[in-house]
Amino acid sequence: MNPLTPASLGLLYLFAVAVPLARIDFREHRLPNRLVLPAFPITTVGQLAALVLGMASGSLSEELSRFGQAWLCALLTFGLGLFVNRFGSLGMGDVKLLAAIALALGWFSGYLVLVAVTLGFGLGVAGILVTALWRKQRMGQSIALGPYLLSGFAVAGVLLCWPAPPGAV
């Protein structure tokens, strides 16, 4: 799969703001809307451009399917995040970041969304355990989850660019 399409615009944006988002989240325990929310229109514009190019090349149905898949991934992830937020375990900045990551990766593969989210939460749990063992943090304290989610996103982005072995489907 070629990640160098207009649909990659959202991926590029998220990579561009990952370090500032991680710094702010570590320092202030928040993910500012001014950095997270632009991911949605930027990703959508890129995906719509890919859709138009697909229409010109005759692969409209495939591009429409990808567009629908991306939005389905984003909506499902957002819904799951809202559910977890309801119980106070996940901040709304994290919920929005998860949806933005799912929208950007969902165009390429639902599996990449699953990898990014699972790895992000797994790294977060590992971070909690390490800091708890070092007695830098107590159980029940809030953590900056954004950097872990962005790390999962980065790994999924690298997997997207990784060439498939010969003969792979």
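Trainee: How should I read the way α1 and α3 pack, and at what angle do their axes cross?

Mentor: Two packed helices are described by the angle between their axes and the distance between those axes. In this predicted model, the axes of α1 and α3 cross at roughly 150° and come within 7 Å. Angles over 145 degrees count as roughly antiparallel, so α1 is roughly antiparallel to α3.

Trainee: Which residues of α1 and α3 meet?

Mentor: From α1 come L9, G10, Y13 and L14, and they meet A39, I42, T43 and G46 of α3. That contact between α1 and α3 divides into five nonpolar, three polar and no charged residues.

Trainee: What about α3 and α4: at what angle do they pack?

Mentor: Helix α3 (residues 39-57) packs against helix α4 (residues 60-86) at about 165°, and their axes are 8 Å apart. The two are therefore roughly antiparallel to each other. Their crossing is left-handed. On the α3 side you will find T44, Q47, L48, A50, L51, G54 and M55, which meet L60, E63, L64, F67, A70 and W71 in α4. Sorted by type, the residues of this contact are nine nonpolar, three polar and one charged.

Trainee: Let me pick T44 in α3. Is T44 buried or exposed?

Mentor: The cut-off for buried is under 20% relative accessible area. T44 has 17% relative accessibility, so it counts as buried. Setting aside its neighbours within four places in sequence, T44 is in contact with F67, W71 and L103.

Trainee: And how do α1 and α7 pack?

Mentor: Helix α1 (residues 9-28) and helix α7 (residues 146-161) lie with axes 9 Å apart, at an angle of about 155°. That makes α1 roughly antiparallel to α7. By type, the contact of α1 with α7 has twelve nonpolar, two polar and one charged.

Trainee: One last feature: what span should the 15 residues of α5 have?

Mentor: At 1.5 Å a residue, α5 (residues 92-106) should span 21 Å, and its end C-alpha atoms are 20 Å apart, which agrees. Helix α5 is also mostly covered, with 14 of its 15 residues buried.

Definitions and conventions:
Residues are numbered from 1 along each chain as its sequence is written. This is a predicted model: local features need pLDDT of at least 70, side-chain atom pairs count only at pLDDT 80 or more; totals for chains, interfaces and linings use all residues. Side-chain values use heavy atoms; hydrogens and water are left out. Helices (H or I, at least four residues) and strands (E, at least two) are DSSP runs, numbered from the N terminus. The expected span of a helix is 1.5 Å times one less than its number of residues. Buried means under 20% relative accessible area, exposed over 50%, partly exposed in between (1.4 Å probe, protein chains only). Axes are lines fitted to C-alpha atoms, for helices over the stretch in contact, and angles run from 0 to 180 degrees between N-to-C directions. Angles under 35 degrees count as roughly parallel, over 145 as roughly antiparallel, 65 to 115 as roughly perpendicular and the rest as oblique. A crossing is left-handed if the near helix is turned anticlockwise from the far one by less than a right angle, and right-handed if clockwise. Contact means heavy atoms within 4.5 Å. Ala, Val, Leu, Ile, Met, Phe, Trp, Tyr, Cys and Pro count as nonpolar, Asp, Glu, Lys and Arg as charged, and the others, Gly among them, as polar.
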